Each structure stands twice: as structure tokens, then as C-alpha cells.
Amino acid sequence: MVDSQADLLQEVTMYEPLDVADGDTWPLPDQTRQITSDDRDRERRSREYEYSIEEADTDPSVDDYCDETIAVPIVHRPSIPANDMDPRQQEEADHPVREGIRCLLDNKFMRAKAIFQSNASSDPLYSLGLGVMAFMRAVMTHHPQHIDTAIRALKATYVIAEAQMSNTQRKKATPTTSFTQFFGDRGPGSSTQSGSATKASDTREKKVDYIANSILRAHVIKAEASLLISLLHLSQDSLINYVKCGLNLRRAYKSYHLVWQEYKRMGQDYTKFIDRDTVSGIQFGIGVVQLLLSSLPKSMDQINYLMGWTYDKELGIALLKLCTEGYGFRSSLASLILLAYHTVLTSFAPQLYAKEMMEHAMQCLNDAQKQHPRSCFFLFFAARLSRNTRNITLSSQAFQLASDASRGEWAEVAMRQLADYEMALNDCIQLNWESGIATFLKLEHQGYWSPAFSKYMVGACYEMLGRRTEAILAFAEVPQLIQRSVMIKQQLFYVDAYVQRKVAQYQQDGYQHLDLYLPALEILLVWNALVLMENDALTSCLALVQHALDMIYEREKLEYGLRMKELIPTSAPPNYTDHRAVLLLLKASLLNSLGKPDQSVTHLNWILDHKHLLKQDLWVVPFTYWEAGITCWHFGDRKKSRQLWEQAAHYRRYDFEHRLAIRLHLALHKCDHLKIPSPPSSTSATSLAISNHGRKRLPLA
């Protein structure tokens, strides 16, 4: 691990523009002056050496085109050439594809695209490289057009691989080949062959018994295309896309299973019969499938049972690590997947996984950046790692470096928008609302991800600053943006459904009760980002929450006072149950993040005691069970934590259900790893309540 923030930045970003050893000289015109310590200090502070001068590319076949679109090739099955190369010939032929992947991860996106497009209409591996590029952009932007392009490109890859496999098998099944296989290759004097020659012939027959390398290669490419398509469907968070995800995953699983059985049958001699890029494809694909199946939440775990699949997370991690060590086509992609697994899943439950996964993630990042020190993708995950360690300033710096690294290239817009969103979230974590407003406004104008969510966050940040008029104007634009989004996507995005309901809730009260809401903190609560705040920020937020709770108490006191003086008043009795529940959940989460779980028990108890009175914010109840489990985890009562998390897993149809389902799955997996037993099914809900430590009455706030 790294001792200081400065060392961490150097280890994480690996953003050295020039590599000059001690005692070397800078390339000055006179080549005489030795570099001094002052020069080195100036170089560390300056940005003038940050971007090195690239050498001109003299190869006209790899031109840096300005066209950013990905042209999906039109596939003509009969014209796809057969593949009869042996493993060593295949490795030599696939060298340009490996070069394309290297360019892709070194931020030379246009050069990589040119390499992949050069043969994408006839070779499935080239087509897969193009599909990987489209996949990366779709994951970064979440734009429907980019997702559609990626799916079409990967489907074309699947068709090309299938056609090549079919044409290869048809070519091998010629009459001459069949005659040779039946009668053998007998020449003059073959009847007097020695016993050693017979043994050699038997060995050749055993070798022929394996499936040809070209067929295995095509199967792996087919499976990988289907796997990436399933991941794109999974990211869209809708029932029909979950079904499509399962179907494509089943197709990938079938091909991977066939190749995996052949791979195991070859034993230690697999390198003689399979080229190294196909071996990396086997390790990469099956490793990703194992991690994906092990990460599905309980609500989607039925896919495994319906398909009859089994998974082993440790096997998946081991295969991906083997893939990174093989230096094949997918070695760097395997590093990217491992890094994403450690960082993204940790961000769902940092209370449980931050310390455990940080060392593995740092080791993976350092190994990857030895090969690609300036890759914008690895810089991005370095920033996510810094955030998980509560070093938000370093995280924002690394996000900016990731954005700058892709400047002037194919992924510039996608990476810049992604980094801007993450930096805006960092600004909110640091309570820097002004900067958050500027960034979310820019993202809304650019149409990134969910424009309605960006506009809602603009209003939420204005409200946190006390600028009520600007907040109301921003909230008023949210419904129109949602309508436009539905027209484009033909479905209501889950985060759009939440902000639509919240804005309707504000408008129902005529924006009279905005003082009782803390919308930006509410989003950070759902994102599980409060735990990433520094203690000073947590204390400031705690004061804001307490002020809002005091206002609820004053309003209730005033309204109940009116009912004591007037008989049958026209106004309805005060009902601030939803408002108080959200604020108390915020307060409990802040106290847990400050390391004061004993003070959160009272507030969590109040929410669970009044859960039947909640009418609008139904998501509060399962999130309260999650937070209650964290409280018990701090107390060391891990059995009760598991009870509460399993109780939360039974809730359905609430805002951000999928996000909490993943979080609960990770928590329960942690319990399984620690061998914490599951509670008996007959345990009643009452017995799961948190103790009030003998108090007869719990305070409201």
C-alpha cells in the first residue's frame, strides 16, 4: 500500500511524460547542461511535458482517420474465407489485432479502429476488436444509439465467426480428405513400416482427434460476442432486457462449455493445439462468465437455476489472472475487467469491502499500468480507487487526467462526459455545490446518460445552497426532459422514474415543504456515497439534517396547536411521516459513517415502527434494513446483520431496487464467506427489530 497521498498519486496515475534516469540529461540543443534538482522540481510541478510528441505514422494502411463512427460490416456468408491455419500460423496472422488492442489501450483509438476495420468484414477477430470498441463507448455513454451500434457490431462478429466455422468444416469434408482419413496415407513400402513408425502414426491420430484450432477460435469469438451483448442488455435495467441478457448468456455459455471441455482434455499440451489468443479468449470468457453469474443479485439468481448453470467466483478470478499473464489478445482486457470488478462492486458496499479489495485492486492497477501507463481507462479506475479510500481530491485529479488522456481522439467525448459526471459526484461528496451545478448543467445540455437526472441534480444543488427560485425553475424542467427521454428510449429509465416522482411530490405541496427535503444528500444516500465523505463534511450534513427535523417538529407543533383551539378545522392533520423517515435514515447513515452506530439505533427503530404509514417514499424501508444491518455489523452482531439484510431482500417494486439488490447480494456473499448462518425461516419480523435498550419511548428525532 502507499504511505502518502503524493506517493499514491504517482502509483495510481503513472502519468510520467518523460522517463529520465538519474544523471541523464534533458535533450537540450547544446546537449551539455546536466539536469539539476531544481529542474526536477520544476518538471514535477509543470504540465508542459505532460503530452509527448508522437512520432509520425508512416504506414498509410494505419491512417488516423477523423471519422468517429463505427461502420458495421455487411456480412456475406459464402464469401467468408475458410481458416485452415495451424496455431503458430494463426498467432503470426493475428499480430495486427494484438497491435490494435495495444493502440486501443494506449489512447490511439483512431489507429486501432483503422486496424480493426481493415479486415472486419472477413476475419471474426478483427470484427470482434471493432465490437469491443463499440462496446466500450456504449458502456461509457449509455446512449441508445451507441448501444444499438455495439449490439449490431457484435452480432456481425457472431455471424462472421459462424460463417467461417461452417466454411472451414465444409472445406475439410472433401472427398480427398475423406479417402485419406479412411485408407490412410500409404506410400510404397508402407507394409514394412517399423513399430516406431506405427506408434508415430497412432500419435498423429490422437492429435487429429482434437477439434481444430480454427474451429475453437471461432467458437470463442462467437461466445465472446454473445457475452458482450448480454452485458449491454443487463446494463439497461428492464425486464425484456434481462430476458435478452439470459438468452445471449446462454448462447455464450454453450460455446464456452464446448471449448472448455476440449481445453481440459488437452491437458498440459494445450499450447500445441491452440494459439495463444484463443487460449486467452477461453480464460477471459469463462472468467468473466463466472464473475458475472456470481455477481447477479438474488432477484436475478433464478436465471442460474433455470439454465442449470453453476459458478465459481474464485475460478473466474484465477482464470482472469492467468489471462493477464499470457500477453494474448485479451490480457489487457482481463486486467480491465478485474479492475472494474474490484472497484465498481466495492463502491456498492464500501463498508464491507473497501479494505479487503483495495490491495488486490492496487496490485492489478500497477501491473496493468506497466504496459499502458497513460491509458485513460486505467486512469479512470485509479480515480475510482482513490474515491473508495475517501481521497476525493486525488480522485478528481485522476478523473481529469483520464479525460485529458483521450483528448483529440475517438473516445474524447465519451470519456470527458464520464469523467465530468464522476467529478460532479465528487463535488457533491465534498459539498462543493457551485461546481456541481456547473458540471451537471453541462452534462444536461450534452444529453449525457439521463438529462432529467442532471437537471434534477442542478435543482438539488441550488436547494442545498438556499437558492430556492433557481431550484424550483430547475425542478420544473425535469418532466419535459423525461418525456423526451421516453420518446427516444421507448422506456422509462429507473433514475428518471425516481426524479419524476420526487418532482411531483414537491409540486404537490406547491414547493412549500422544500425546507423539509435535502434532495442532494438523498441521492448520495442512495448511491451509498455518504460513507466516502470526510468527517468535517459528515458533521456539516448532520447539522443540516437536524435543522430539517427541527422544522418538522415546529410545524407539527403549530398545526396541532391550531387543532387545540379550533373545532373541526378545515386543514387536514399534519402528516410528515415520509419526510421524517427520509431525514432519520439520512441521520442514521451519517452517524454510522462517523463511527457512532449506537446513536443511530433510535432513528432506525422509529422508521421500522412507522413503516406501515409510509405512502410515497417506499424505498426507505428496505434501505433502512440495509443501514440497520450496517449498524449491527459495527456492533459485531453479524448474525443480526444477516437477518436484517435478508429481510430487506424480500421487498420488491421500489425505487433503486436493482442497486440495493446488488448491495444486499454482496453483503450476503460476505456473510457466506465468513460462514455466518442464515436465520430460520420461521423468524418473525418483530424479532428482527433493533433493540431500544430498554427505553419505553423513542424520540422522534
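Reader: First, what kind of model is this, and is Tyr494 buried, exposed or partly exposed?

Author: This is a predicted model. The relative accessibility of Tyr494 is 22%. Buried would need under 20%, and exposed over 50%. Tyr494 therefore counts as partly exposed.

Reader: How are the rings of Phe493 and Tyr494 arranged?

Author: Phe493 is buried, at 10% relative accessibility. The ring centres of Phe493 and Tyr494 are 4.9 Å apart, and the planes meet at 70°. Planes over 60 degrees apart count as edge-to-face. So the arrangement of Phe493 and Tyr494 is edge-to-face.

Reader: How many aromatic pairs does the structure hold?

Author: A pair of rings is described by the distance of the centres and the angle of the planes. Ring centres must lie within 6.5 Å to pair. The number of aromatic pairs in the structure is 27.

Reader: Which class does the aromatic pair of Phe453 and Trp527 fall in?

Author: The centres of Phe453 and Trp527 are 5.7 Å apart, with 10° between the planes. Planes under 30 degrees apart count as stacked. The class of Phe453 and Trp527 is therefore stacked.

Reader: How many residues apart are Phe453 and Trp527?

Author: Phe453 is buried, with a relative accessible area of 1%. Trp527 is buried too, at 11%. Phe453 belongs to helix H22, and Trp527 to the loop between helix H25 and helix H26. The pair links distant parts of the chain, and the separation is 74 residues.

Reader: Which residue has its charged end over the ring of Tyr158?

Author: To sit over a ring, the charge must be within 6 Å of the ring centre and within 35 degrees of the ring normal. At Tyr158 the distance from the ring centre is 4.2 Å. The residue over the ring of Tyr158 is Arg251.

Reader: How many disulfides are there?

Author: A disulfide needs cysteine sulfur atoms within 2.5 Å. Cys428 is buried, at 1% relative accessibility. Its closest cysteine sulfur, in Cys461, is 4.1 Å away, which is too far for a bond. The number of disulfides in the structure is 0.

Reader: How many salt bridges does a search of the whole structure find?

Author: Side chains of opposite charge can pair when their charged atoms come close. The cut-off is 4 Å, from a side-chain nitrogen of Lys or Arg to a carboxyl oxygen of Asp or Glu. The number of salt bridges found is 33.

Reader: How many residues apart are Arg77 and Glu162?

Author: Arg77 and Glu162 form a salt bridge, with the closest N and O atoms 3.5 Å apart. Arg77 lies in the loop between helix H2 and helix H3, and Glu162 in helix H7. Arg77 is partly exposed at 40%, and Glu162 is partly exposed at 25%.

Reader: Where does Asp277 lie, and is Asp277 buried or exposed?

Author: Asp277 forms a salt bridge with Arg98, at 2.6 Å from N to O. Arg98 lies in helix H4 and Asp277 in helix H13, so the pair ties together parts 179 residues apart in sequence. Arg98 is buried, at 14% relative accessibility. Asp277, in helix H13, has a relative accessible area of 1% and is buried.

Reader: Which residue forms a salt bridge with Asp515?

Author: Asp515 lies in the loop between H24 and H25, and the partner in helix H23. Asp515 is partly exposed, with a relative accessible area of 31%. The closest N and O atoms are 2.4 Å apart, and the partner is Arg468.

Reader: Is Tyr511 buried or exposed?

Author: Tyr511 sits in the loop between helix H24 and H25. Its phi is positive, about 55°, although Tyr511 is not a glycine. The relative accessible area is 15%, so Tyr511 is buried.

Reader: Is Ile568 buried or exposed?

Author: Ile568 is in the loop between H26 and H27. Phi of Ile568 is near 50°, a positive value in a residue other than glycine. Its relative accessibility is 72%, so Ile568 counts as exposed.

Note on methods. Residues are numbered from 1 along each chain as its sequence is written. This is a predicted model: local features need pLDDT of at least 70, side-chain atom pairs count only at pLDDT 80 or more; totals for chains, interfaces and linings use all residues. Side-chain values use heavy atoms; hydrogens and water are left out. Rings of Phe, Tyr and Trp (its six-membered ring) pair if their centres lie within 6.5 Å; planes under 30 degrees apart count as stacked, over 60 as edge-to-face and the rest as tilted. Helices (H or I, at least four residues) and strands (E, at least two) are DSSP runs, numbered from the N terminus. Buried means under 20% relative accessible area, exposed over 50%, partly exposed in between (1.4 Å probe, protein chains only).
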